[in-house]
Amino acid sequence: MEARIVVLPGDGVGPEVIREAVACLQVVADAFGHRFAFQEALIGGAAVDACGDPLPERTLELCRSADAVLLGAVGGPAWDKHPRDQRPESGLLRLRQALGLYANLRPVTVHPALEDASPVKPQIVRGTDLMIVRELSGGLYFGEPRMFSPERALNTLLYTREEILRVARVAFELARNRRRQLVSVDKANVLETSRLWRQVVDEVATDYPEISVQHAYVDSFAMALITRPRDFDVVLTENLFGDILSDEAAVLAGSLGLLPSASLGGTVGLFEPIHGSAPDIAGQDKANPIGTILSAAMLLRHAFGLTEEAAALETAVDRTLRDGHGTGDLQGAKHRHGTASLGAVIRTAITAVRPTVPGLAVILP
Ligand code: IPM
Ligand code: MN
């Protein structure tokens with residue numbers, strides 16, 4: 001197939017991890033006979049510096065007409081004191097909203113080679129396999145009005161029935177093809193939005209009698225997540241809770257740098273690692289590219305329906321970890337690499353999984 005992928009490296013370690021993921025997609029394309037055209041554009045602090053807007057019009061237009069968008073990370077101390085609409089994060093939030101991306105899928109698994117990499121005991125993390133479904137375009141992140149003064153600050157938390165319905169359906173559909181368990185996480189003992197959330201989730205549940213549904217309060221779920229992670233399958237939750245719980249879940253996997261995400265719901269999907277721009281290690285070839293590479297695998301699967309290609313990329317990452325390769329964030333990795341070198345190991349593994357068919361390449365004199 002032919003496809004156009006818009007690439008948004010962003011800030012901090014973003015460009016470094018994106019470079020490795022794009023190179024992996026290129027190898028996959030060659031191995032399976034696809035043509036991907038990559039088009040780079042500005043977002044975040046890099047875009048603020050270049051044109052005073054964290055989401056330039058041109059970037060948004062390119063994304064709207066793309067077949068998929070791959071993003072690195074945004075943010076950094078250089079822009080922390082800027083007004084809200086000049087902050088890198090607001091560019092990303094505007095992009096998510098403009099593309100209508102309301103369902104953010106964050107899979108969390110524990111690789112057998114990394115059971116000791118987590119500060120949580122191996123017998124607890126072993127076998128963890130979660131899918132966090134985070135609502136992405138509502139809640140506190142997008143509440144209006146909002147206000148800041150030296151004396152008072154205000155953010156509002158609003159959810160509509162329709163906003164909850166659509167993300168809940170995504171979560172139930174995913175659960176149907178997994179272990180058929182869904183836990184919906186809220187704070188219904190305190191928040192009106194959470195009471196509505198519960199009602200709507202229960203309503204959707206009647207369409208899925210084969211799925212077992214539980215409700216949990218976010219405080220106690222935060223504890224259950226690291227004390228008995230294996231008990232959960234699909235975790236459905238609102239925007240802010242999902243942001244917090246997914247970083248917590250990354251502790252089970254062994255590093256924040258490992259986890260990918262897919263943001264779906266609109267006409268174009270956005271794929272990005274769940275980690276941030278890590279300014280403390282930016283430009284030092286230290287960042288773990290795996291979260292971004294696995295996001296590229298999610299892109300192949302969810303944006304293009306290329307399941308075999310996605311699996312080839314995931315298998316390559318799997319073998320790389322199994323063989324003890326990793327960046328510095330992975331405690332106990334036998335073979336320590338920089339960002340670029342780990343990317344190269346993964347690319348070699350892709351061609352081992354799927355050798356390029358001889359005869360496809362035309363060598364010109
Ligand atoms: C994430 C990030 C973003 C979020 C930031 C960078 C705006 O933390 O994708 O999890 O809060 O959604
Ligand atoms: Mn986050």
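Predicted model: local features only at pLDDT ≥ 70, side-chain atom pairs only at ≥ 80, totals over all residues.
**Set-up.** I number residues from 1 along each chain as written, letter chains from A and number ligands from 1 in written order. Local features need pLDDT of at least 70, side-chain atom pairs count only at pLDDT 80 or more, totals for chains, interfaces and linings use all residues, and side-chain values use heavy atoms, without hydrogens or water.

**Ring pairs.** I paired rings of Phe, Tyr and Trp (its six-membered ring) with centres within 6.5 Å; planes under 30 degrees apart are stacked, over 60 edge-to-face, the rest tilted. I got 5 aromatic pairs.

I looked up Phe36 and Phe304. Their ring centres are 5.7 Å apart and their planes stand at 40°, so I logged the pair as tilted. Phe36 is in strand 2 (residues 35–40). Phe304 is in the loop between helix 10 (290–303) and helix 11 (307–322), 268 residues away from Phe36. I took helices (H or I, at least four residues) and strands (E, at least two) as DSSP runs, numbered from the N terminus. Both residues are buried (under 20% relative accessible area; exposed is over 50%, partly exposed in between; 1.4 Å probe, protein chains only).

Next came Phe172 and Tyr208. Centres lie 5.0 Å apart with planes at 25°, so this pair is stacked. Phe172 sits in helix 6 (residues 161–176) and Tyr208 in the loop between helix 7 (192–205) and strand 9 (212–217), so the pair ties parts 36 residues apart in sequence. Phe172 and Tyr208 are buried.

I also found a cluster: ring pairs link Phe36, Phe38 and Phe304.

**Charges over rings.** I required NZ of Lys or CZ of Arg within 6 Å of the ring centre and within 35 degrees of the ring normal. Arg354 has its charged end over the ring of Phe32, 3.9 Å from the centre. Arg134 has its charged end over the Tyr141 ring, 5.2 Å from the centre.
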